[in-house]
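Look at the model first, then read on.

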Amino acid sequence: PVDNVLKELLIMQALQNDPPPLETSSLSAVFPILVGPPSKEGDPEYPFTKNFFDDQSNRALRKLVEASSPATADDVERFLTTRAGIVPPRRSVAQTVKDLFALQAAQLWNHGKLEECIIPPD
């Protein structure tokens with residue numbers, strides 16, 4: 001079977017690492033956002049989400065396989081070769097997810113607690 005979530009991650013990483021020329025694509029950046037489960041009404045954290053890394057949403061990550069998914073990798077290669085002229089490397093499921101975390105920078109569970117600031121223009 002093909003894993004569609006893994007397919008999206010592999011395509012995202014391939015396009016991030018080897019972006020198509022701007023004249024043929026509108027892709028300018030890839031920014032993954034990981035979100036934990038929503039807080040329930042009545043919870044002091046409501047309406048924010050729980051922390052993906054602290055609330056056990058990520059417990060399945062410890063079980064990720066250190067091998068690629070052949071069916072998924074074949075679909076991704078076919079898609080990227082046809083659409084973007086990219087032949088992506090074969091990556092393990094675990095490495096794909098670890099690389100995703102390296103790109104992840106937003107903490108949505110803190111967005112209500114962060115102080116507002118004005119970012120000066122360049």
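Gly85 follows α2 and has a positive phi, near 65 degrees. Helices here are DSSP runs (H or I, at least four residues), numbered from the N terminus.

This is a predicted model: local features need pLDDT of at least 70, side-chain atom pairs count only at pLDDT 80 or more, and totals for chains, interfaces and linings use all residues. Residues are numbered from 1 along each chain as its sequence is written, and side-chain values use heavy atoms, with hydrogens and water left out.

α2 has 15 residues. Its first and last C-alpha lie 20 Å apart, close to the 21 Å expected at 1.5 Å a residue. That expected span is 1.5 Å times one less than the number of residues.

Buried means under 20% relative accessible area and exposed over 50% (1.4 Å probe, protein chains only).

| Side of α2 | Residues |
|---|---|
| Buried | Thr72, Ala73, Val76, Leu80 |
| Exposed, turned away from the buried side | Pro70, Arg78, Thr82 |

The largest nonpolar core has 9 residues: Leu6, Leu10, Ile11, Ala14, Leu15, Val76, Leu80, Ile86 and Val93. Such a core is a set of buried Ala, Val, Leu, Ile, Met, Phe, Trp, Tyr and Cys residues joined through side-chain atoms within 4.5 Å. α1 (4-17) and α2 (70-84) are the elements that give two or more residues to this core. α1 gives the most, with 5 residues.

Leu6 is in contact (heavy atoms within 4.5 Å) with Ser69, Thr72, Val93 and Thr96, not counting residues up to four places away in sequence.
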